[in-house]
Amino acid sequence: MQNQNMQTEITLRDGNRIPQLGAGTYMIENHQLCKATVRDALDLGYRHIDTAQIYKNERAVGEALAESGVDRKDVFLTTKVWVTNFTYEKASRSIDASLARLGTDYIDLVLVHRPYGNYWPAWQAMEDAMEAGKIRSIGLSNFSMDQTRQILDRGRIYPVVNQIECHPFYQQRELRRELESLGIRVEAWYPLGHGSRRMMQEPVLAELSRIYGKSVAQIILRWHIQEDCIVLPKSTRRSHLAENFRIFDFQLNPEDMERIRALDRNETLFKCPLWLDEWKARLFTRA
Ligand SMILES: NC(=O)c1ccc[n+]([C@@H]2O[C@H](COP(=O)([O-])OP(=O)(O)OC[C@H]3O[C@@H](n4cnc5c(N)ncnc54)[C@H](OP(=O)(O)O)[C@@H]3O)[C@@H](O)[C@H]2O)c1
């Protein structure tokens with residue numbers, strides 16, 4: 001059992017290092033709230049912030065970082081190119097706009113947010129931006145194995161992560177295994193099931209919470225860490241941010257890891273049906 005709460009880092013396939021725990025910022029559009037949340041996260045020791053062009057909060061993330069006193073080089077920043085920017089020119093311009101909003105001259109990791117329509121020109125723009133020194137690593141989000149392989153076949157630069165929905169009710173073990181076999185790290189979104197009450201009250205998780213003297217959220221996040229995922233919980237409450245950070249001072253034993261694996265129901269908690277999401281995206285991306 002570790003005594004100190006030491007944050008762990010992972011080395012990506014391109015040699016860059018990423019803190020395994022990051023703070024998510026989805027659905028924090030309010031500028032002041034997002035700034036306060038990111039300030040709290042940095043103050044509590046988080047050194048990895050996950051944002052996206054579509055979250056409309058990159059400026060708040062950048063301001064929070066600038067005002068925090070934490071060195072830019074000590075923070076890992078991720079953003080994602082949204083589907084309306086999938087032509088080469090729009091993707092390139094959108095990366096420059098993200099850099100300006102974030103107030104930085106490089107972004108640690110940029111992802112293709114969703115594999116809708118023709119995302120290939122956006123990938124090429126990301127490769128070029130990486131070669132121009134604007135981005136340190138590039139990756140994917142919500143890509144199936146087939147879509148991932150297309151990028152591997154055609155791309156010049158290797159994607160280092162695929163950010164996918166992953167939590168105890170939707171573990172995506174086959175996709176994760178295949179990605180890992182290719183050296184592509186998994187980042188888990190909705191790691192706490194988007195705060196699902198059913199998950200927070202799940203009896204096995206509640207029992208483990210009692211046994212380990214940790215909250216259900218901490219048990220779930222620790223499970224993700226031991227599954228070798230990069231994990232991105234979101235909270236706008238300082239107390240939850242602090243709680244979610246205290247997951248490096250205990251370990252789940254192998255039997256308890258298995259008990260959580262057995263909770264898999266192949267149940268996505270993402271409410272917008274993917275066909276509707278894609279249909280909306282196609283409307284946006286029509287020339
Ligand atoms: N690539 C993609 O397509 C994609 C999609 C979705 C999300 N993401 C990324 O993944 C991140 C995480 O996803 P998410 O924000 O939707 O879901 P999440 O982190 O699974 O859950 C967030 C919810 O859990 C609650 N929560 C957080 N810590 C808690 C704790 N210790 N105890 C009890 N409740 C707690 C939060 O409420 P409070 O604020 O009240 O604490 C919030 O309602 C996002 O912020 C985003 O960065 C990426």
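Tutor: Gladly! Helices here are DSSP runs of H or I with at least four residues, numbered from the N terminus. Do keep in mind that this is a predicted model.

Student: Which helix gives the most to the shell around the ligand?

Tutor: That is helix H10, residues 238-245, which contributes 3 residues. In total, 28 residues surround the ligand, and the closest are Asp 50, Leu 192, His 194, Ser 235 and His 240.

Student: How many residues of each class does the shell have?

Tutor: Sorted by class, there are 13 polar, 9 nonpolar and 6 charged residues around the ligand.

Student: Which side chains have an N or O atom 2.9 Å from a ligand atom?

Tutor: For a polar contact, look for a pair of N or O atoms within 3.5 Å. Ser 141 has a side-chain N or O atom 2.9 Å from a nitrogen of the ligand, and Asn 142 has one 2.9 Å from a ligand oxygen. In the side chain of Glu 243, an N or O atom lies 3.0 Å from a ligand nitrogen. The protein covers 89% of the 900 Å² of accessible area that the ligand has on its own.

Student: Now H3: where do its buried residues fall, seen down the axis?

Tutor: Buried means under 20% relative accessible area. In H3, that applies to Ala 91, Ser 94, Ile 95, Ser 98, Leu 99 and Leu 102. Viewed down the axis, the buried residues of H3 fall within an arc of 145 degrees, so they line one face of the helix.

Student: Which exposed residues does the face turned away from the buried side carry?

Tutor: On that face of H3 you will find Arg 93 and Ala 100.

Terms used. Residues numbered from 1 in each chain as written. Predicted model: local features only at pLDDT ≥ 70, side-chain atom pairs only at ≥ 80, totals over all residues. Heavy atoms only, no water. Near = heavy atom within 4 Å. Polar contact = N/O pair within 3.5 Å; in protein donor to acceptor, adjacent residues only side chain to side chain. Areas by Shrake-Rupley, 256 points an atom, 1.4 Å probe, with all protein chains shown as cover. Helix = DSSP H or I, 4+ residues; strand = E, 2+ residues; numbered from the N terminus. Nonpolar A, V, L, I, M, F, W, Y, C, P; charged D, E, K, R; others polar. Buried < 20%, exposed > 50% of the residue type's maximum accessible area, 1.4 Å probe, protein only. Arc of directions from axis to C-beta.
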